[in-house]
Amino acid sequence: MTPPRISVVVPVRDDAPYLGLCLEALARQDVRPHEVLVVDNGASRETALVAEAAGAIVVAESMPGIAAAAARGYDLATGDLIARLDADSMPPMDWLREIRGVFAVDPALAAVTGRGVFADLSPARRLVASAGYHGVYYGFFGLALGQIPLHGSNFAMRRAVWEEVRGDVHRTDPGVYDDLDLTMRLGRTRRVRFEPRLAVAVSTRAISSVPRFAAALGRTGHTMRMNADRLRETRAGRLAGTAFGIGPLGRLVPKRLHP
């Protein structure tokens, strides 16, 4: 059988230094990507130049927000599989090979996701940070949604699956987290797998900056409220929804306390 072609989508906005490292890592893959699409979401000219110099396809998306940028990349991808990285993701050289292998052994698999390793921390701090971050993300949201959530810095899906759900995602809303939104639009009937071996290095900026962390909480809450129908499908989701102002008890929580 012909191995599946893998398109890699990287949405970006003014992140030239990180993007350059990400594209260098993709160039070192032992399985070559079919194409690399860098979606320019209002980035500086420097960012586009870095992408062009690396041989990536640069796609412009004028609608603000990572949801619009990511969806634009998925729409234009021509590979059989669509892999997703953030600009500050650094995949190891076997990343695409691992992705191809996971889908090869499970023809019914819709998507696969993996860890982000905080490589700029000491080993001890990295362990604590990863346990906290991934424990909350995969544990809390996995329980609430009744399925494994996709991690935007490191996941892949079948292009056929994207074509099925592309009209359901909230791509025009700049306030949503696209990976969490996509997870909920996939629904619980499509199989998503967490693969521990699928790990990429990421920066700690998302968790080390208080303003960034606060903004992340706000976007998470907004994304959950936009997908309240999915939260209501599980008992844990209905309980978790209270914290986001969803459901009868959630209405009692003052809006200023909603994340």
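# Rings, core and open space

Me: How many aromatic pairs does a search of the whole structure find?

Reply: Six aromatic pairs turn up. Rings of Phe, Tyr and Trp (its six-membered ring) pair if their centres lie within 6.5 Å; planes under 30 degrees apart count as stacked, over 60 as edge-to-face and the rest as tilted. Keep in mind that this is a predicted model: local features need pLDDT of at least 70, side-chain atom pairs count only at pLDDT 80 or more, and totals for chains, interfaces and linings use all residues. Residues are numbered from 1 along each chain as its sequence is written, and side-chain values use heavy atoms, with hydrogens and water left out.

Me: What describes a pair of aromatic rings?

Reply: The distance of the centres and the angle of the planes. Take Tyr74 and Phe155: the centres are 6.5 Å apart and the planes make 65 degrees, an edge-to-face pair. Tyr74 belongs to helix H3 (residues 66–76) and Phe155 to strand S6 (residues 155–158), so the pair ties together parts 81 residues apart in sequence. Helices (H or I, at least four residues) and strands (E, at least two) are DSSP runs, numbered from the N terminus.

Me: Is Tyr74 buried or exposed?

Reply: Buried, with a relative accessible area of 3%. Phe155 is buried too, at 0%. Buried means under 20% relative accessible area, exposed over 50%, partly exposed in between (1.4 Å probe, protein chains only).

Me: Which residues form one aromatic cluster?

Reply: Tyr137, Tyr138, Phe140, Phe141 and Phe194. Rings can also carry a charge over the face (NZ of Lys or CZ of Arg within 6 Å of the ring centre and within 35 degrees of the ring normal). Here Arg219 sits over the face of Tyr177, 4.8 Å from the ring centre.

Me: What does Val8 touch, not counting residues up to four places away in sequence?

Reply: Contact means heavy atoms within 4.5 Å. For Val8 the list includes Leu26, Val36, Ala83, Trp95 and Leu96.

Me: Where does Glu98 lie?

Reply: In helix H4. Glu98 is buried, at 14% relative accessible area. Beyond four places in sequence, Glu98 contacts Arg197 and Leu198.

Me: How many cavities of 30 Å³ or more does the structure hold?

Reply: One. On a 1 Å grid over the protein atoms alone, a cavity is a set of points where a 1.4 Å probe fits but cannot get out; a pocket is an open set with protein on both sides within 12 Å along at least five of seven lines, and lining residues have an atom within 4 Å of a point. Grid points are joined across faces, edges and corners, and a volume is the space filled by probe spheres set on the points. The largest cavity has about 70 Å³. Its lining includes Ala70, Tyr74, Trp162, Arg171 and Asp181. H3 supplies the largest share of that lining, four residues.

Me: How much space lies in the largest pocket?

Reply: About 1400 Å³. The pocket has 43 lining residues, with Asp86, Tyr133, Tyr177, Ala206 and Ala216 nearest its centre. S1, H3, helix H5 (123–145) and helix H9 (210–226) are among the elements that each supply at least two lining residues.

Me: Which residues does Tyr18 contact, leaving aside neighbours within four places in sequence?

Reply: Ala87, Asp88, Ser203 and Arg205. Tyr18 lies in helix H1 and is partly exposed, at 32%.
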